[in-house]
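Hi,

Here is the structure I promised to pass on. Have a look at it first, and then read my notes below.

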Amino acid sequence: MLTPNVERLIDAALEEDLGGGDPTSELIFERDARLRGRLLAKEALVVCGGEVFERVVRRVDPEAQVRLASRDGDEVEAGTILGEVEGRARSLLAAERTALNFLQRLSGVATLARAYVRAASVGRAVIADTRKTTPGWRALEKHAVRVGGARNHRADLASGILIKDNHIAAAGSLGDAVRRVRLGAPHTLRVEVEVQGEDDLRRAIDAGADAVLLDNMDAERIRSCVAIAGGRVVLEASGGVTLESVAAIAATGVDVISVGSLTHSAPAADLSFLLEGA
């Protein structure tokens, strides 16, 4: 998970918070004063981001000791100690907020993804994310989605072909857009088309689409589309999906349910870093 991009993100986050130093801690603590900290889950959650948390702490103080008690994917209850850290007081206080920001954000995404996967278990559909990610955080947030048990949609525009309404409008028609893509697309890329209704679904199938995205349809219309498709294409439901509606959508027989809120609206997990004298 600690790719070069993630390393740069950590550096940028630390520069953002520590670029001018930390006069509060520097004035209160002697250079060699030491503290011990406990990482506490204040709510039930799915852990994600421990490796990044440790890297942030050790980037500030390479000699700090980080002992994590939970791994990515573990479900823990409120009150669980997720790990302990020991090091220089100034360093731990300097790293605290940035390290927690990563862990809280990623654990929040993983926790929400797990909730959607469980809510959709009434059907065979898989839950997937979207490209609605925090700029610069995509690799981390998509990792958190997988930790939560859901799947990743496209990682970027090059990862697959998805013909959306603006493509169709510019091309002149849905059929023309699909045919143009089919003429030049590598055989390794699946062609997916966004549709607004049953007639568009039929056009997409006739044009040779491999997958069809059913945009902002309720469960009744999705069920109708499943019957029309008859297994000839992969069907993805997307748009306006909530924890309250996902079970009904999954029960229609659709193959994939993509949920933008997994990454754009996941609440940060409630965690604390409690420090005491070493």
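Predicted model: local features only at pLDDT ≥ 70, side-chain atom pairs only at ≥ 80, totals over all residues.

Are Phe102 and Trp137 buried or exposed? Both of them are buried (under 20% relative accessible area with a 1.4 Å probe, protein chains only; exposed is over 50%, and partly exposed is in between).

Residues are numbered from 1 along each chain as its sequence is written, and side-chain values use heavy atoms, with hydrogens and water left out.

Searching the whole structure turns up 2 aromatic pairs (ring centres of Phe, Tyr or Trp, with its six-membered ring, within 6.5 Å; planes under 30 degrees apart are stacked, over 60 edge-to-face, the rest tilted). Phe53 and Phe273 make an edge-to-face pair, at 5.9 Å centre to centre with 85° between the planes. Phe53 sits in helix H3 and Phe273 in strand E12, so this pair ties together parts 220 residues apart in sequence (helices, H or I, have at least four residues and strands, E, at least two; both are DSSP runs numbered from the N terminus). Phe53 is buried at 1%, and Phe273 is buried at 7%.

Phe102 and Trp137 are stacked, because their ring centres are 4.8 Å apart and their planes at 20°. Phe102 belongs to helix H4, while Trp137 is in the loop between strand E6 and helix H5.

Helix H4 also holds Gln104, which is buried at 12% relative accessible area.

Cheers
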